[in-house]
Amino acid sequence: MTRPPGAAPDLPAPPVSGAPGRGGATRLVHLRTRSVLTITLASLFGLGAVGWPLFISPRSTLAHGVDAPWVFALMLPLILAVVLAEISEGGMDAKAVALLGVLSAAGAALRPFGAGTAGIETVFFLLVLGGRVFGPGFGFVLGSTTLFTSALLTAGVGPWLPYQMLGAAWFGLGAGLLPRLRGRLEPVLLAGYAAVASLGYGLVMNLSFWPFGTGSGLSSIAYVPGAPVGDNLVRLVGYMLATSLGWDVGRALTTSVLVLVTAPVMLRTLRRAARRATFPIR
């Protein structure tokens, strides 16, 4: 088509910061190499914080005491604070922060509806959908801030909170790393991930409490300091079957059903919000 005389020349469309990424995700939070490294180190520390009873040497002093969970519980908030500060410093703009605030507040408001009764949890499906649409970095931050906000609202602050924040951060991070899949199969993929991640979240919480919550060696499901890894692993499985499996399965079912029911509308709504929230690259 011929441009009319005097008309302004066509300008190239500005590049946007929310370009679709892996799995159709819109990267509202850009992860620089330093941010990825920080998340990796924090995740390794988190794995150590929850998995030390299974992998620590029997000759280590940590294996014969109950101070380790408290030390990790005190250090985890500092580690998470460093990660969140690192991500927010270089990868979050004003609209990303606004969306994060809205979704965190929505998750915190939804959580009391289930309150964990019989494993009914109404917050984790939002982490799945948010991480899926906005990417792994956003999912990691969303998981942490949602659990922290809801704990403040429900007076749920305690030594378990850092583990909950870390588990939820991994929950949202994993959703953002899922492979590309669109159409009717996408909600099925997300629901399957939600079920697996819900059971994984239960395992994280069990590991954080099990070493000192059952009394050292007082029962067949109690953690035994210094015992071989295989023996303690059997005891852990017994502990999960006796205490939390019903809640973990309930959480998996609740989250999967909520994802299946809400994904068609929520994914469309969040992606529309993501398109409107894009900023030209500075």
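Which side chain meets Asp248 in a salt bridge? Arg251 does, at 3.1 Å from N to O.

## Basis of the model

This is a predicted model: local features need pLDDT of at least 70, side-chain atom pairs count only at pLDDT 80 or more, and totals for chains, interfaces and linings use all residues. Residues are numbered from 1 along each chain as its sequence is written, and side-chain values use heavy atoms, with hydrogens and water left out.

## Salt bridges

The structure holds four salt bridges. The term covers a side-chain nitrogen of Lys or Arg within 4 Å of a carboxyl oxygen of Asp or Glu. Asp248 and Arg251 both lie in helix α9. They are three residues apart, about one turn of the helix. An α-helix has 3.6 residues a turn, so residues three or four places apart point the same way. Helices here are DSSP runs (H or I, at least four residues), as are strands (E, at least two), numbered from the N terminus.

Arg251 also meets Glu121, at 4.0 Å from N to O. This pair links distant parts of the chain, 130 residues apart: Arg251 sits in α9, Glu121 in the loop between α3 (94-114) and α4. Arg251 is buried, with a relative accessible area of 8%. Glu121 is buried too, at 10%. Asp248 is likewise buried. Buried means under 20% relative accessible area, exposed over 50%, and partly exposed in between (1.4 Å probe, protein chains only).

Glu186 and Arg271 form another salt bridge, at 2.7 Å from N to O. It too links distant parts of the chain: Glu186 is in helix α7 (residues 185-213), Arg271 in α9, 85 residues apart. Both residues are buried.

## Annotated spans and helix α4

The unreviewed UniProt entry annotates "transmembrane region" at residues 36-56, 68-88, 123-148, 160-178, 190-210 and 249-267. Its positions are given in the numbering used here, feature names are shortened, and annotations may be inferred rather than shown by experiment. Two of these spans can be set side by side. Residues 190-210 are 100% helix and 0% strand, with end C-alpha atoms 29 Å apart. Residues 123-148 are 92% helix and 0% strand, with end C-alpha atoms 12 Å apart.

Helix α4 (residues 124-134) has eleven of its eleven residues buried, so it is largely enclosed by the rest of the structure. Among them are Phe124, Phe125, Arg132 and Phe134. Gly135 follows α4, with a positive phi near 100°.

## Surface patches

Leu199, Leu233, Val237, Leu241, Leu245, Val249 and Leu253 make a nonpolar surface patch of about 590 Å². Helices α8 (229-243) and α9 each give two or more residues to this patch. Leu241 is in α8. It counts as exposed, at 56% relative accessibility. Patch residues have over 30% relative accessible area and no salt bridge; like charges are joined within 9 Å, nonpolar side chains (Val, Leu, Ile, Met, Phe, Trp, Tyr) within 5 Å.

A positive surface patch is formed by Arg268, Arg272, Arg275 and Arg276. Arg272 lies in helix α9 (residues 245-276). It is partly exposed, with a relative accessible area of 36%.

Technical notes:
Areas by Shrake-Rupley, 256 points an atom, 1.4 Å probe, with all protein chains shown as cover. Lys, Arg positive; Asp, Glu negative; His and termini not counted. Charge placed at Lys NZ, Arg CZ, Asp CG, Glu CD.
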